[in-house]
Amino acid sequence: MVILTTFSITGYCPRTGMVGTSVCTALPGVGSLASFGQAGVGAVSTQSFVNPYLGIDSLKLMAQGQSAEEALDAVLAADPGREQRQLAVIDAHGKAAGFTGAQCIDWNGHIVGDGFVAAANMMVDETTTQAMAHAFEANADLPLHDRLLKSLEAGDETGGDYRGRQSASLLVYDKEEYPALHLRVDEHQEPVAELRRVYEVSRTQLLPLLVGMPTRENPLGSLDPDDPALAPLLKHVSER
């Protein structure tokens, strides 16, 4: 059993239908076990004494038509360790549900808002979840990628996990089966700041490629090799 994710924001964009989650903790590789999503279905962050199958099975149930709350209730009912779990679920309609078990390590708690869940455990107090919730609500005009990252940064600025921080992740799904964006910092002294740095690099070196990627409807994709926006990507990485 792994004590893993300690603070996260899981959210939905009503303009685009995107879903995603951003997380941080004081152990390596948080994005590999705690963050789950599926286009047109939802996103999940599984926390505290992490059970990845809560994320996997929540998505399966939502894909079958269950709401975020129904899926959360069902997976927790089948989990004998439920009181050690923390779970945040958002469905493709923006309905959100959260759970914090009685045996999660203090401080622990979550906030369910309009299209988001802010959740945390092993915190000094509730200021981390409050800061994340406020940042998510205050940046409703931004793309989901930015809202999730700004929210995670707000939580990080409160001090976050009292053990410190070591890894962070940002995962977003749009309309395709592959992620619209998946960035991970698996081991760093300041993982949220490093995640921001990687995200800013991705704005110019990754996101321009993603818009022309192959899709189910257009397997060829729409990238134009002559597009001036792609010219910098043909240079050596040291020259970009």
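1. Two strands count as paired if DSSP finds at least two bridges between them. Strands (E, at least two residues) and helices (H or I, at least four) are DSSP runs numbered from the N terminus. Strand S2 (residues 7–12) and strand S9 (residues 116–120) run antiparallel and are joined by five bridges. One of the residues involved is serine 8, whose bridge partner in S9 is alanine 119.

2. A word on what you are looking at: this is a predicted model, where local features need pLDDT of at least 70, side-chain atom pairs count only at pLDDT 80 or more, and totals for chains, interfaces and linings use all residues. Residues are numbered from 1 along each chain as its sequence is written, and side-chain values use heavy atoms, leaving out hydrogens and water.

3. Six strands form an open sheet in the order S8-S9-S2-S3-S10-S11, with antiparallel pairing. Strand S8 (109–113) and strand S11 (181–185) are at the edges with a single partner strand each, so one side of each has no neighbour in the sheet. From one strand to the next, the twist averages 5°, with axes fitted to C-alpha atoms (for helices, over the stretch in contact) and angles from 0 to 180 degrees between N-to-C directions.

4. Helix H3 (residues 127–138) lies across S2, S8 and S9, at about 155° to S9. Helix H5 (residues 191–205) packs on the sheet too, touching strand S3 (19–25), strand S10 (167–173) and S11, and its direction makes about 140° with that of S11.

How values were computed
Contact = heavy atoms within 4.5 Å.
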